[in-house]
Amino acid sequence: MYIEFVIVDNFVLTLMAGSAAARLCHKRVNIWRLIAAAAVGTVVAVFYPFLRSSAAEFAVKLALWCVLSFIMFFKTQKPAVSGVLFLGCTFAFGGASYALGLILYSSASGAAEFCGKYPLCLTLGTGAAVYIGMRGVAKRLRLKRAREPYDYGAEVEIFGRKLTFEAFLDTGNCVFDPRTGLPVMITDAERFTSKLDATGAGEFVKNIDKFRTMTVETAAGETRIYILKPKSVTVYSDRHGHKIDAMVGLVGGRRFGSAHEMLIGPAAISEAV
């Protein structure tokens, strides 16, 4: 029973810890390196009971950590950081079952008994849960960092109100107003009017036939948009805002979500007032 537990538990946990460490360092996972490292770690772990002192066991585990880190992360960027993260993930996965026992029994002895009684299913299960959670956190952090340079805030003063939008810097937005030569910031008419008060919405509807229109090319084909001249436009990157000179273009219906309510072209950012 011990041999079966060691083989399955160590192999899977080493595989998950190495994969999580690679993901946290934004590296592609080399599955063959992970399998090789998991196999080496499993073979060594089988012989832990034959070590006669805790000092010898600690020395073997320290050497094993270095060997496994070398196998998984040799010739990759930041191998030392990846190795430290691998160690941290190993502690996290191994400690998840103990932490669960501690929560259930509220004592260290109870937690140790819990791990001894239910080692295989709960260690792997809790380890898998921690692994999936860490992957989700890493993905969110990576996505947030990738979007940061493109996320802006926009404040548009028009119809007597200041409307705020969550804007996205669209490097493919090259729409310019042919009459003024100014870049056009695009949002949809439904979201735009929802930000107006009753007076502003009434003024918009009353004058809608007087607004100029233009045709723009999109991936879905040609679309006509209304062109509005705001009193002022301020864009915010982080906490810093600066006024720009731009027009507002409205497409029909609701086309934008709450995360990105407006598209700003690169030219609009450079049109400082």
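**Contacts of Asn173 and the surrounding architecture**

Apart from residues up to four places away in sequence, Asn173 touches Val184, Ile186, Leu263, Ile264, Gly265 and Pro266. The model in which these contacts occur is a predicted one. Asn173 belongs to the loop that lies between strand E2 (161-169) and E3. With a relative accessibility of 8%, Asn173 counts as buried, because the cut-off for that class is under 20%. One of the residues touched by Asn173 is Gly265; the two are separated by 92 residues in sequence, yet their C-alpha atoms are 4.7 Å apart in space.

Two further partners of Asn173, Val184 and Ile186, are part of strand E3, which spans residues 184-188. Of the 5 residues of E3, 5 are buried, so the strand is largely enclosed by the rest of the structure. In a regular strand the side chains alternate between the two faces of the sheet. In E3, Val184, Ile186 and Asp188 point one way, whereas Met185 and Thr187 point the other way. The residues of both groups are buried. Strand E3 is joined by 5 bridges to strand E8 (residues 247-251), and the two strands run parallel. Within this pairing, Val184 stands opposite Met247 of E8.

At the level of the whole chain, the secondary structure comprises 9 helices and 9 strands. The chain has 273 residues, of which 36% are buried. Among contacts between residues at least 6 apart in sequence, 67% join residues that are at least 24 apart. The accessible surface of the chain amounts to about 16,000 Å², and carbon and sulfur atoms account for 62% of this area.

Ile31 lies in helix H2, which covers residues 31-45. The relative accessible area of Ile31 is 41%, so this residue is classed as partly exposed, between the limits of 20% and 50%.

Backbone geometry was also examined. Most residues other than glycine have a negative phi, and most peptide bonds are trans. Lys78 has a positive phi, near 50 degrees. Lys78 is located in the loop between helix H3 (54-73) and helix H4 (79-105), and its relative accessibility of 61% places it in the exposed class. A positive phi, near 55 degrees, is also found for Phe159. Phe159 occupies the loop between strand E1 (151-158) and E2. In contrast to the exposed Lys78, Phe159 is buried, with a relative accessible area of 18%.

The cysteines were considered last. A disulfide is a covalent bond between the sulfur atoms of two cysteines. By the distance rule applied to pairs of cysteine sulfur atoms, 0 disulfides are counted in the model. Cys66 has a relative accessible area of 43% and is therefore partly exposed. Cys174 counts as exposed, at 57% relative accessibility.

Notes
Residues numbered from 1 in each chain as written. Predicted model: local features only at pLDDT ≥ 70, side-chain atom pairs only at ≥ 80, totals over all residues. Heavy atoms only, no water. Buried < 20%, exposed > 50% of the residue type's maximum accessible area, 1.4 Å probe, protein only. Helix = DSSP H or I, 4+ residues; strand = E, 2+ residues; numbered from the N terminus. Pairing = 2+ DSSP bridges. Disulfide = S-S within 2.5 Å. Contact = heavy atoms within 4.5 Å. Areas by Shrake-Rupley, 256 points an atom, 1.4 Å probe, with all protein chains shown as cover.
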